[in-house]
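Please read the points below with the model open beside you, and look up each residue as it is named.

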Amino acid sequence: MSHPSPQTKPSNPSNPVFFDVDIGREVGRIVLELFADIVLKTEESFCALCTGEKGIGPTTGKPLHFKGCPFHRIIKKFMIQGGVFSNQNGTGGESIYGEKFEDENFYYKHDREGLLSMANAGPNTNGSQFFITPVPTAHLDGKHVVFGQVIKGLGVARILENVEVKGENPAKSCIIAERGELKEGEDWGIFPKDGSGDSHPDFPEDADIDLKDVDKILLITEDLKNIGNTFFKSQNWEMTIKKYAKVLRYMEASKAVIEKIDSSKLQPVALSCVLNIAACKLKMSDWQGTIDSCVEALEMDPSNTKALYRRAQGWEGLKEYGQALADLKKAQEIAPEDKAIQAELLKVKQKIKALKDKEKAAYAKMFA
């Protein structure tokens, strides 16, 4: 009979292991506790694949470690699967005991988010493949061995769960860029080390704070926003976006657990950060990214002239002048005295006229 999984996460488990996750960019670290007291054989194989201490696998002829290994199968609200270091396509892999080993036990249930379980191809076919649960998956109880849990980095796992997929395969590479075991007293790598003075974990799930404490969230996000502003002034657009996006993560995590009346207190800071992200993307000539951020801002405040103005500039970058004109006209209706909007509107009208004149000249030449 399976038992409920542990509901508390230890503050200092003995030698947890970690994955540093990359999805075309560095995302963050997942720290995992392994249940050695319940499934020692499974734990020893997985831990050794994290350290790489066993050398070359006799079955695959590949190094027995997860570094560079993809998360090859991701199904939203079901599983995040990885662990194939040989073929890297969902087939192959190897444990430290050989190609396959038996199911040790089914002591724990798949009853919540963040559990670590062995993937298999049927009874007693455990190798190196594993999955992390984004939700409870009771139908897997008694079929897959639960052998660990995420203790830090649940936010990273959620990003993995939500990547774009083609069928069940990620549309872009999602890999374990680094892996290892964390010895007693060793830094878990949860806090940023970018020299910015940012002392907050990158993901709110890893912070030892009450997400319902709106005043505390506002203090943290204001601090992060100021750090982002400093990067903006130095024209480090990528780091600016990173810090503003972090503000939004903390706000979203808080909004998910507080009353609507309290969440309204977070709105002004969130809107400001989304608009600033749009400004950064404009500087980077990321036109579609600019438009997407402005759409997000307009969902918060449909009459925000900054969002309309910057979205128009994004449309201009894509040479969609009709769309730009529509946004600028709407912005001018809201703020008729705004000189910047007037100047941009004139510029777009001139571009539209120049295109029409060019087309007329081309037609005239064709029928001359």
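1. Helix H3 (residues 214-233) and helix H6 (residues 267-283) have axes that come within 11 Å and cross at roughly 20°. Here an axis is a line fitted to C-alpha atoms, for helices over the stretch in contact, and the angle, from 0 to 180 degrees, is taken between N-to-C directions. H3 and H6 are therefore roughly parallel to each other, since angles under 35 degrees count as roughly parallel, over 145 as roughly antiparallel, 65 to 115 as roughly perpendicular and the rest as oblique. H3 passes H6 in a left-handed crossing, a term used if the near helix is turned anticlockwise from the far one by less than a right angle, and right-handed if clockwise.

2. The basis of these values should be kept in mind: this is a predicted model, in which local features need pLDDT of at least 70 and side-chain atom pairs count only at pLDDT 80 or more, while totals for chains, interfaces and linings use all residues. Residues are numbered from 1 along each chain as its sequence is written, and side-chain values use heavy atoms, with hydrogens and water left out.

3. Which residues of H3 and H6 meet? On the H3 side they are Leu-218, Thr-221, Glu-222, Lys-225, Asn-229 and Phe-232, and on the H6 side Val-269, Ser-272, Cys-273, Asn-276, Ala-279 and Cys-280, where contact means heavy atoms within 4.5 Å. By class, the contact of H3 with H6 has six nonpolar, four polar and two charged residues; Ala, Val, Leu, Ile, Met, Phe, Trp, Tyr, Cys and Pro count as nonpolar, Asp, Glu, Lys and Arg as charged, and the others, Gly among them, as polar.

4. H6 also packs with H8, at an angle of about 20° and with the axes 10 Å apart. That makes H6 roughly parallel to H8, and H6 passes H8 in a left-handed crossing. The contact is made by Leu-275, Asn-276, Ala-278, Ala-279 and Leu-282 of H6 together with Lys-306, Ala-307, Arg-310, Gln-313 and Gly-314 of H8. The residues of this contact divide into five nonpolar, three polar and two charged.

5. Helix H8 (residues 305-317) has a further partner in helix H9 (residues 321-334), and their axes come within 8 Å and cross at roughly 165°. That makes H8 roughly antiparallel to H9, and H8 passes H9 in a left-handed crossing. Among the residues that meet are Leu-308, Tyr-309 and Trp-315 in H8, and Ala-324, Leu-328 and Ile-334 in H9. The contact of H8 with H9 has nine nonpolar, two polar and four charged residues.

6. The protein chain as a whole has ten helices and ten strands, which are DSSP runs numbered from the N terminus, helices (H or I) having at least four residues and strands (E) at least two. Its C-alpha trace spans about 80 × 60 × 40 Å along the principal axes. Of the 368 residues in the protein chain, 47% are buried, where buried means under 20% relative accessible area, exposed over 50% and partly exposed in between, with a 1.4 Å probe and protein chains only.

7. Cys-50 is buried, with a relative accessible area of 0%, and Cys-280 counts as buried at 0% relative accessibility.

8. Most residues other than glycine have a negative phi. Lys-77, although not a glycine, has a positive phi of about 60°; Lys-77 lies in the loop between strand E3 (73-75) and strand E4 (79-82), and is exposed with a relative accessible area of 58%. Phi of Ser-285 is also positive, near 60°; Ser-285 lies in the loop between H6 and helix H7 (287-300), and is partly exposed, with a relative accessible area of 43%.
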